[in-house]
Amino acid sequence: MSQNFASEPWQSATSAQPDYQSQRSQIALTGSSRGFHLHPGEAQVQKVQAILIADDNAKNFRPFSETESVALLPLVNVPMIDYALEALNRSGVMEVFVFSSLHYQNVKNFINESLTSASWAIGMTVHVIGGEGCRCFGDAMRELDSKGLIREHFILLNANSVTNSNLKFILEQHKKTVTYDKGTVATLVFKQANTHIRSGSEVMIAVDTQNKRLYHYQELSSDSKEINLQIPLEVFTHNSEIALLHNLIDPEIAIGSPSMLSLFSDNFDFETRVDFIRGILINEEILDSRIYISLLPRQHYARKVNNLFSYQIVSNDIINRWTYPLVPDMGVKCLTQQYVFLKNNIYRSATANLAKVGLRENVVVGNESTVGLGSQLDCSVIGKNVLIGQNCRLHYVFIFDNVTVEDNCVLEFCVIGSGSKIAANCELKGVVVDYNCIISNNSQLAKSKIFSSLLKNEKGKMMRKISENAFVLDDEAEVADDEDEKNHFTSPKMKKLTAIVENSDYSSSSDGGESRGCSPLLDDANGFLSEVIDSLTRGLQEKSNPEYLILEINSSRYAYNMSLREVNFNVVKAIFNLSPIKRPSNNISVALNTVFNHLRPVMTNYIRTDDAMMDCLKALEDIFEENEFLRNRMSQVVHYLYDQDFITEDIILAWYKQLDNNQDKILKQNLQKFIEWLQQTSGSDDEETDESV
């Protein structure tokens with residue numbers, strides 16, 4: 001059973017929308033003790049339905065989950081539930097049931113307030129269902145079954161899941177599977193992981209390669225690699241076409257048959273989603289039920305935010321545009337643009353006040369926020385109405401709305417809740433700060449959670465008070481308590497990933513300076529270059545949209561742990577390794593025009609800064625050594641790049657000056673006449689400027 005995705009996730013959502021007149025949705029707010037009534041004639045309309053589960057993995061998001069739904073926590077300044085609702089709207093869903101138990105009223109109020117402004121509210125009805133006493137995922141499914149709300153095959157999504165895939169196609173494939181296997185209860189969606197970093201969502205499965213039927217499902221530990229994997233022998237003895245897929249992400253997205261809900265009602269030991277999957281696999285014959293899978297294509301994105309480490313990863317994926325079009329400058333949820341997209345993945349609100357600050361890369365600054373003189377930010381998200389003082393340094397910091405960080409603070413791998421204040425000269429590393437906390441001057445905290453009030457359970461004995469509304473719970477104390485739980489996978493914390501794996505997607509220099517990826521091994525560099533050449537070759541042949549090619553290159557960047565400068569270097573090398581340039585049938589100018597007429601947006605996306613231009617010229621040094629044809633025409637190549645405004649005169653002259661007189665003697669001789677012409681042109685321009693003055 002092969003997957004056939006008819007369109008890309010970033011294409012216009014109108015093709016996936018049902019044929020009806022767009023209108024603002026109405027919300028039905030249904031408590032656990034109230035019945036649900038259909039409007040006259042509603043049953044006659046076959047709607048695409050979806051179930052959205054909120055308040056999952058609440059423990060991993062303490063202290064915030066003590067007072068707020070996890071689904072409402074901001075992810076790159078947008079509540080997480082909005083990403084899920086946007087994905088459902090883009091998939092043509094007409095009716096959504098949001099189930100919330102822990103913070104039902106908060107979720108209900110949020111949905112109600114969003115109806116007049118949210119883009120997902122167009123043409124989609126949202127019902128908020130509250131279940132009193134529902135303790136787990138299984139209870140929520142049984143509650144929904146008791147209300148008889150689901151009438152057709154449906155999409156099941158966690159409110160913390162982020163995807164840009166059009167799930168309508170997977171829904172249609174699920175329906176086709178049901179036509180030849182009436183016992184199909186679910187199709188689970190998986191995504192191939194780009195790296196070997198464990199975030200708590202990784203699984204290993206055994207699947208029939210012929211029909212994509214699932215035979216084994218096993219969660220992988222987030223803190224260590226398993227030495228042994230136990231798979232029932234009958235999986236192999238009863239099936240001749242079994243494949244083991246071990247590097248998969250489970251984003252907790254599924255397509256369910258109506259019978260799926262009744263299975264939860266009939267089996268009260270199904271408490272979690274994993275219980276359901278294992279229960280079906282073990283008792284397939286007794287329950288007469290089977291599960292199939294759908295593996296998303298590489299260019300589709302899907303991941304669940306199930307802990308702070310995955311929160312960090314998904315935030316960076318959004319900023320790096322893996323989730324396109326669900327990216328900050330496209331207005332997730334909002335119908336108006338909120339940010340200006342600048343080089344190095346900087347997203348700045350037009351109302352933000354930034355004066356002589358260092359925004360290095362992967363930074364989002366929200367409305368009405370101010371960053372003081374001399375502060376440096378990288379890989380961080382700043383919410384609305386945030387005040388950051390002077391000479392602060394923030395690295396992988398996620399700050400919610402209305403927060404104050406005073407002068408000379410150093411924050412690394414932190415999450416700061418709304419309304420909190422970090423006083424001057426504080427150093428926080430690996431700290432999660434609750435809403436409305438005040439951290440006193442000169443505080444030094446590491447690997448801990450700060451609660452705004454004393455916990456009411458026995459853990460309160462292990463907390464220490466640092467101010468009137470700030471109580472510290474060290475991570476070690478929490479982990480020690482968790483060890484008593486059976487089958488518990490330790491929730492990974494935000495941290496420097498180079499301490500966990502050698503080839504990490506997100507890493508920083510040990511001296512605390514500018515954030516950049518670790519230098520890759522030679523095989524990694526060659527692998528990345530090979531993938532970029534393949535992408536650009538295909539894009540040139542098929543005339544693909546350059547924006548899609550940029551997405552592919554960015555995807556490969558994080559798969560091979562490439563720094564931004566290494567990406568610049570290898571993109572230029574890849575372009576000059578394309579057939580029209582590497583083996584031109586005409587003169588070099590015609591060959592360059594053939595390539596850059598289509599790939600110019602790719603070049604300009606990466607070669608924008610002075611450093612990037614220098615990376616470009618460094619790449620040409622390699623090309624000079626490798627390509628005999630271009631070796632004799634390097635002055636023409638550099639001249640062409642100069643004429644096309646890819647590189648500037650000052651950078652060319654600075655690069656030429658750096659070339660070694662002995663080692664680069666031939667290259668300098670090749671460039672000499674062009675450099676002399678460039679210097680003469682520069683001198684003439686200076687004289688004309690002086691005369692005009």
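Colleague: Which way does H16 cross H19, right-handed or left-handed?
Modeller: H16 goes past H19 in a right-handed crossing. Bear in mind that this is a predicted model.

Colleague: OK, and at what angle do H16 and H19 pack?
Modeller: About 50°, and the axes of H16 (residues 610-626) and H19 (residues 649-658) are 10 Å apart. That angle is why H16 counts as oblique to H19.

Colleague: Which residues of H16 and H19 meet there?
Modeller: From H16 you've got Asp610, Met613, Met614, Leu617, Lys618 and Glu621, and they meet Ile651, Ile652, Ala654, Trp655 and Gln658 of H19. By class, that contact has seven nonpolar, one polar and three charged residues.

Colleague: Switching to strands. What does S28 pair with?
Modeller: S26 (residues 410-416) pairs with S28 in the parallel sense, over five bridges. S30 (residues 444-451) also pairs with S28 in the parallel sense, over six bridges.

Colleague: Which residue stands opposite Val410, and which opposite Val432?
Modeller: Val410 has Glu427 of S28 opposite, while Val432 has Lys449 of S30 opposite.

Colleague: And how many residues of S28 are buried?
Modeller: Five of the seven in S28 (residues 427-433), so the strand is mostly covered.

Colleague: Last one: is Val405 buried or exposed?
Modeller: Buried, because its relative accessible area is 0%. Val405 sits in strand S25 (residues 404-405).

Colleague: What is Val405 in contact with, leaving aside neighbours within four places in sequence?
Modeller: Leu387, Ile388, Gly389, Cys392, Ile399, Leu411 and Ile422. As for Gly372, 33 residues apart from Val405 along the chain, the two C-alpha atoms are separated by 9.9 Å.

Key. Residues are numbered from 1 along each chain as its sequence is written. This is a predicted model: local features need pLDDT of at least 70, side-chain atom pairs count only at pLDDT 80 or more; totals for chains, interfaces and linings use all residues. Side-chain values use heavy atoms; hydrogens and water are left out. Helices (H or I, at least four residues) and strands (E, at least two) are DSSP runs, numbered from the N terminus. Buried means under 20% relative accessible area, exposed over 50%, partly exposed in between (1.4 Å probe, protein chains only). Contact means heavy atoms within 4.5 Å. Two strands pair if DSSP finds at least two bridges between them. Axes are lines fitted to C-alpha atoms, for helices over the stretch in contact, and angles run from 0 to 180 degrees between N-to-C directions. Angles under 35 degrees count as roughly parallel, over 145 as roughly antiparallel, 65 to 115 as roughly perpendicular and the rest as oblique. A crossing is left-handed if the near helix is turned anticlockwise from the far one by less than a right angle, and right-handed if clockwise. Ala, Val, Leu, Ile, Met, Phe, Trp, Tyr, Cys and Pro count as nonpolar, Asp, Glu, Lys and Arg as charged, and the others, Gly among them, as polar.
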